[in-house]
Amino acid sequence: MRPVALITGASAGIGRATAITLARNDFDVVITGRRSAYLEALEEEIRSKTVADVLSLTFDIRDQEEVNNACEKLTGKWEEVALLVNNAGLAVGLSHIHEGVVDDWERMIDTNIKGLLYMTRLISPGMVKKGAGHIVNIGSVAGKEAYEKGNVYNATKFAVDGLTQAMRIDLAEHGIKVTSISPGAVETEFSLVRFKGDQEEADKVYDGFTPLYAEDIAEAILFAVTRPTHVNIDDMLIMATSQARSRKIVRK
Ligand code: NDP
Ligand code: 8X3
C-alpha cells in the first residue's frame, strides 16, 4: 500500500509542488488549503499525471473546529497519515514594530504557529500509535535570523524552529522523524500575499537574481522523507546561490 502524505497549503507554491513531487514518488496525497477551486485543479493534475490517489480537504487552518471537521474525512486508507508536511503559512505586511498592524500579526501567528499545532495535534497521535511517521515543518531563513521590518513573521518562524526541536525530542521515542526545511527567497505567491496584492512590490523581491523555485524545496522534502529508517534529517537551510543572508542578495 502506498503511504499517505498530508500537505497543508497545497493550493499554491511550495505545498503544490510538494504534492505533485510526492504523488510522482509513490505517495498518495491529501491536499489542503482554503481555495477549493485551486485544490480541484491540482487534484485533476495529479490524477492525470500520476498513478497517485488524491483527497482534497478545504479548511482555514486558523480555525480549529474547521480543521477538526475537515479531517474527519480521513477515514479508510486516508486514516493512517505517514507523512505530515506542515507548510501552510504566510507573511502579511512588512513594517517596523512600532508601526505594525495587529491584525497582520494575528494572521501570521494564527496560521504559522497555531495552524501548525492544530494539524500536529490531530495527526501525530496516529503516528505514535503506529510507532512510525514523519513530520516536516516548513520554517524559513526568517526563523534563523531576524531582519528589519520582519519582526512578527520572524518570530513565527523562530517558533517553527523551536517547535521542530521540541517535537523531535518528544516524538523520538515513538520512532517518528521530525524535519525542518528552511528556505530563503522562493518565487511563489508569498510576496503577493505579504504585500496584500501589490504585484509591483512583489515582483521587486525577485528582481535581478534567480530565486529558488517551489520545485527546489519539493525536491529537498522528497530527499528528507526518503532516507533510510535510521536517518533523520533534522534541519535544512536552503538558499538561492545569490542570497547569502536574509537581506544580502546579489542583484544584477
Ligand atoms: P504561497 O502563498 O504560494 O502558498 C501558501 C499556501 O498556504 C497556500 O496554499 C495557502 O492556501 C496556504 N494557506 C495560507 N493561509 C492559510 C490558511 N489560513 N488556511 C489554510 N491554508 C492557508 O507561499 P509559499 O508556498 O511560498 O509558502 C509556503 C510556506 O513556505 C509558508 O509556511 C512560508 O512561510 C514558507 N516559506 C516561504 C518562502 C518564500 O520565499 N516563498 C521562504 C521561506 C519559507 P489558501 O490561500 O488556498 O488557503
Ligand atoms: C520567506 C523568506 O526572507 O522573505 O520566509 O522572510 S523572507
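An oxygen atom of ligand 1 lies 2.7 Å from an N or O atom in the side chain of Tyr153, which makes a polar contact (a pair of N or O atoms within 3.5 Å). The model is a predicted one, in which local features need pLDDT of at least 70 and side-chain atom pairs count only at pLDDT 80 or more, while totals for chains, interfaces and linings use all residues. Residues are numbered from 1 along each chain as its sequence is written, chains are lettered from A and ligands numbered from 1 in the order in which they are written, and side-chain values use heavy atoms, leaving out hydrogens and water.

A nitrogen atom of ligand 1 is 2.9 Å from an N or O atom in the side chain of Asp60, and an oxygen atom of the ligand is 3.2 Å from a polar backbone atom of Glu189. Taken alone, ligand 1 exposes 880 Å², and the protein buries 96% of that (accessible areas come from the Shrake-Rupley method with a 1.4 Å probe).

Ligand 1 sits in the largest pocket. Here a pocket is an open set of points on a 1 Å grid over the protein atoms alone, with protein on both sides within 12 Å along at least five of seven lines, and a molecule sits in one if more than half of its atoms lie within 2 Å of its grid points. Helices α1 (13–24) and α5 (151–172) are the elements that give two or more residues to the shell around the ligand (helices are DSSP runs of H or I, at least four residues). In total, 29 residues surround ligand 1, the closest being Ser11, Arg34, Asn87, Tyr153 and Thr188; each has a heavy atom within 4 Å of the ligand. By class, this shell has 12 nonpolar, 11 polar and 6 charged residues, with Gly counted among the polar ones.

What about enclosed space? The structure holds 2 cavities of 30 Å³ or more, a cavity being a set of grid points where a 1.4 Å probe fits but cannot get out, lined by residues with an atom within 4 Å of a point. About 70 Å³ of space lies in the largest cavity, where a volume is the space filled by probe spheres set on the points. Its lining has 15 residues, and Val92, Gly93, Ser95, Met108 and Asn151 lie nearest its centre. The second largest cavity holds about 50 Å³ of space, and its lining includes Asn87 and Lys157.

Note on methods:
A polar contact is a pair of N or O atoms within 3.5 Å; within protein, one must be able to donate a hydrogen and the other to accept it, and residues adjacent in sequence count only if both atoms are side-chain atoms.
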